[in-house]
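Please look through the sequence and the 3D structure shown here before reading on. The briefing that follows takes up a few topics, one after the other.

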Amino acid sequence: MSSEEQLSAIKGAKVLMVGAGGIGCELLKTLALSGFQDIHIIDMDTIEVSNLNRQFLFRQSHVGQSKAKVARDAVLRFRPNISITPYHANVKESRFNVDFYKEFDVVLNGLDNLDARRHVNRLCLAVDVPLVESGTTGFLGQVTVHLKGKTECYECQPKPAPKTYPVCTITSTPSKFVHCIVWAKDLLFAKLFGDENLENDLNVRSSDATNLSEHSEDVFECRKGEDIEQYGRRIYDHVFGHNIEVALSNEETWKNRNKPRPIYSKDVFPDKLTKENGKTEKGSATDDVSAMASLGLKNPQDVWSLAENSRVFYESLRLFFLKRQKEIGSLTFDKDDQLAVEFVTAAANIRASSFGIPLHSLFEAKGIAGNIVHAVATTNAIIAGLIVIEAIKVLKKDSNSYRMTYCLEHPSKKLLLMPVEPYEPNKSCYVCSETPLSLEVNTHHSKLRDFVEKIVKAKLGMNFPVIMSGASIIYEIGEDLEEDMVAIYAANLERALSELPSPVISGTVLTIEDLQQEFSCRINIKHREEFDEEREPDGMLLSGWVEAPVDKNNNKSIGNGESTSSALSMEEIQEGEKDVEIQGTSESAENVTGKKRKLSEVSKGTIPDHSGLPDESSRNQNQLEKLDVDDEDDELIISNDWESLTKKKRL
Amino acid sequence: MDGEELTEQETALYDRQIRVWGADAQRRLSKSHILVCGMKGTVAEFCKNIVLAGVGSVTLVDDRIVTDESLSANFLILPHENHYNGKTLAEVCCDSLKEFNHMVHVAVETGDISTFGVEFFEKFDAVIISCCSLGKKKLINQKCRKLSKRVAFYTVECRGSCGEMFVDLLDYKYSKKKLEETIECQIEYPSFEEAISVPWRALPRRVSKLYFAMRVIEQFEDVEGRNPGETTIADLPGVLKLRKELCETNVQY
């Protein structure tokens with residue numbers, strides 16, 4: 001295709017960008033410079049200071065404003081005659097329905113969460129619009145192309161689910177710093193400052209599932225006549241001293257583990273605290289409330305001693321009660337809340353100290369607690385360039401040249417960019433192949449509510465599901481539902497599956513649709529009496545669903561909040577020297593790997609040797625080994641295509 | 001690498017990238033000085049990235065007057081007559097770059113830097129050259145190499161959808177992590193002149209053919225006295241002739 005045809009394909013294209021952040025800013029700039037003239041961009045976020053190191057369309061003065069709108073304004077400054085339509089909105093909103101998507105020639109994602117990506121994937125499939133996906137984390141990044149029926153959809157391959165930890169590890173046997181952070185954030189912070197009506201595992205002992213007697217509830221309540229110092233000491237002694245002693249009393253737990261040591265405030269601070277703490281604060285607004293500032297601890301990169309951490313613990317606790325009394329009882333941890341970060345850092349460090357785990361700086365702790373994704377401008381710029389290249393191929397319908405491109409941190413075969421041909425769709429993918437799933441469940445015990453929450457919403461990622469058994473709708477979520485239907489659905493939620501008006505029993509086939517995503521799937525129900533409480537705590541087993549291999553531990557798990565990691569990390573890309581977490585898949589293995597052929601092989605009609613691959617990692621190994629330097633590209637240079645080399649090109 | 005710490009402002013702004021390369025690297029960046037010559041597409045991108053990264057200073061050199069043509073691949077130039085009328089590329093880009101990060105000092109230098117003395121280059125830690133003749137590139141590289149301080153030298157040239165970058169870090173010591181170990185490594189970089197003088201037959205088989213194409217055009221422009229990028233389709237016969245000659249010279253056994 002000549003460059004004129006390419007230019008006109010670009011000029012006439014209507015492009016949707018989802019995300020105006022790290023990738024989004026670079027992408028919008030590159031699209032504009034490349035000649036695109038009709039761009040729509042959706043982003044629900046507002047600009048923050050930490051964005052400014054890479055989201056270069058934004059300035060300090062823009063903090064708090066809509067990313068989509070400011071990005072648009074910034075790009076119009078150097079390309080005033082193109083059309084950019086911003087939407088300061090959540091891409092999951094109902095107005096972004098199939099009618100909205102079908103107007104576009106290509107959709108380009110620059111998102112930072114799995115949920116939204118799945119949602120967009122389904123809508124693109126519904127309207128058969130090509131999707132170019134991407135993600136970055138630090139120096140890693142990737143760009144992938146998805147065309148319905150021709151390549152894998154975004155959900156054909158499992159994506160790693162956010163990491164979760166077993167309850168007992170968090171409450172009783174932490175071995176890593178992150179366990180201490182989760183304890184400090186989701187248990188202690190939540191107990192002290194969050195909604196007291198929420199379930200909290202803080203006092204659970206591993207040997208005894210029942211909470212301690214009512215006494216424990218009193219521990220966190222301020223006692224009459226108690227001042228903040230006393231309260232602080234009491235809490236400290238309870239969680240770092242008493243609770244540890246209680247845990248130690250169970251010999252069994254510590255047979256093969258290092259025992260923690262209880263820490264009491266009197267050991268760390270024999271004297272009254274007020275001598276150390278309470279340096280004159282700058283009597284400033286709540287924004288500046290900081291234990292570090294108050295204590296003269298200047299550097300967030302410093303690793304504090306046990307004593308310093310303890311001071312920060314007391315001081316941040318004190319400052320919460322003194323300056324932010326009103327918020328107590330409704331606070332949730334926010335990584336941009338300095339005082340909260342200080343408290344969680346201190347608490348996590350004291351616990352770590354107790355368990356012999358290395359202490360961390362506030363900077364490090366904040367990153368872990370806040371799930372902060374490290375990021376630089378350059379990777380985003382590279383990925384944006386690659387996205388535009390793939391978008392142009394898509395617009396030219398140049399299907400042989402589509403590539404999934406991985407940007408590595410360290411060169412592999414002396415290359416930092418690894419282009420790989422896309423694979424055919426996964427025939428077992430329940431999203432794009434409409435394969436029915438199977439659910440094993442005790443239909444007499446499990447309620448519809450469990451099914452809706454744990455399967456339909458959590459696993460299948462549907463936001464507005466309609467669940468049907470044959471012709472009857474047993475449940476739906478939507479707007480404008482009639483009152484009597486709402487009442488029926490509410491009642492249904494509390495019923496066991498077999499006791500629904502339209503009973504769901506072994507052999508029943510449920511159809512679940514999400515009208516907004518235009519996505520539908522079928523589930524075959526199989527009744528099973530017994531479920532292993534430890535391995536299958538939900539009492540339900542979904543198969544045929546490609547599950548991301550996650551550490552399946554005993555007991556229920558606690559997560560560390562949603563992982564906002566955007567790049568496919570080590571599960572997807574295997575690098576020779578790195579410590580790769582190779583996770584074997586179990587029953588889903590056959591579904592994932594199967595016999596899939598690369599697009600080019602499909603067209604040539606050859607059958608490659610992908611048979612019998614046991615797991616994800618060796619499949620990727622194969623991908624890597626089969627990748628050669630694309631010698632065909634070299635040939636282009638010595639062809640008669642001197643135009644591209646010599647003529648000054650207006651991009 | 002002195003004990004000076006990052007300011008609160010720097011820590012807040014650079015948080016996400018400090019998590020990539022560490023506070024120490026960020027400190028070193030803030031003390032480094034970059035010289036950039038030839039404000040076109042790729043170099044504009046580079047300037048954006050290096051300013052966002054938070055270097056100490058960026059000095060821009062490009063005395064060419066802004067024209068409509070300059071707007072094509074340079075988002076630092078705003079297409080308003082008032083904005084760029086009569087100004088040089090360096091001046092206009094300087095104004096835009098300052099906006100990206102107030103903590104970076106962005107300035108303009110005028111004149112033909114290849115005629116400047118060695119002491120001029122001593123002020124910098126890295127020099128990036130583009131849109132420059134072969135002769136000038138060699139000269140500047142040599143001047144950088146004469147200094148006792150290491151001044152990293154980069155050239156970059158883009159032609160259509162092809163591009164080439166050259167790096168000279170002189171005597172470069174670095175450490176590499178392999179599993180649990182840290183290994184100390186060292187590479188001796190050749191000068192620009194040395195690098196492009198390597199006979200073609202001596203190069204590894206997998207060297208991209210683009211390398212050779214670039215050498216041909218470079219040579220053509222040098223011989224014909226053209227500015228980089230000014231070779232057009234009309235020159236094709238001459239270029240092909242030169243290619244033939246160079247291939248014969250270089251590939252002979």
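Helix 5 of chain A lies across strand 1, strand 4 and strand 5 of chain A, and this helix runs at about 165° to strand 5 of chain A. Helices (H or I, at least four residues) and strands (E, at least two) are DSSP runs, numbered from the N terminus, while axes are lines fitted to C-alpha atoms, for helices over the stretch in contact, with angles running from 0 to 180 degrees between N-to-C directions. This is a predicted model, in which local features need pLDDT of at least 70 and side-chain atom pairs count only at pLDDT 80 or more, whereas totals for chains, interfaces and linings use all residues. Residues are numbered from 1 along each chain as its sequence is written, chains are lettered from A and ligands numbered from 1 in the order in which they are written, and side-chain values use heavy atoms, with hydrogens and water left out.

**The sheet of chain A**

- Eight strands of chain A form an open sheet in the order 3-2-1-4-5-6-8-9, with mixed pairing, where two strands pair if DSSP finds at least two bridges between them.
- Strand 3 and strand 9 (415–420) of chain A are the edge strands, each pairing on one side only, and neighbouring strands of this sheet are turned by 20° against each other on average, direction ignored.
- Strand 6 (residues 140–146) and strand 8 (residues 404–412) of chain A run antiparallel and are joined by three bridges, and A:Val143 has A:Thr405 in strand 8 of chain A as its bridge partner.
- Helix 2 (residues 22–33) of chain A also packs on the sheet, touching strands that include strand 1 (14–18) and strand 2 (38–42) of chain A, and its direction makes about 165° with that of strand 1 of chain A.

- Strand 11 (residues 465–469) and strand 12 (residues 472–476) of chain A run antiparallel and are joined by four bridges, with A:Met468 standing opposite A:Ile473.
- Two residues lie between the strands of this hairpin, in which A:Gly470 takes a positive phi near 65°.
- The side chains of A:Asp115 and A:Lys92 meet in a salt bridge (2.6 Å, N to O), a term that stands for a side-chain nitrogen of Lys or Arg within 4 Å of a carboxyl oxygen of Asp or Glu.
- This pair links distant parts of the chain, 23 residues apart, with A:Asp115 in helix 5 (residues 114–127) of chain A and A:Lys92 in the loop between strand 3 (83–87) and helix 4 (98–101) of chain A.

**The sheet of chain B**

- Six strands of chain B form an open sheet in the order 3-2-1-4-5-6, with mixed pairing, and its edge strands are strand 3 (105–108) and strand 6 (162–168) of chain B.
- Strand 5 (residues 152–159) of chain B runs antiparallel to strand 6 of chain B, to which seven bridges join it, and B:Val156 stands opposite B:Met165.

**Where the two chains meet**

- In chain B, 50 residues are in contact with 47 residues of chain A, contact meaning heavy atoms within 4.5 Å.
- Helix 1 of chain B gives the most to the side of chain B that touches chain A, with 11 residues.
- The rule finds two salt bridges across this interface, and the side chains of B:Lys48 and A:Glu26 meet in a salt bridge (2.6 Å, N to O).
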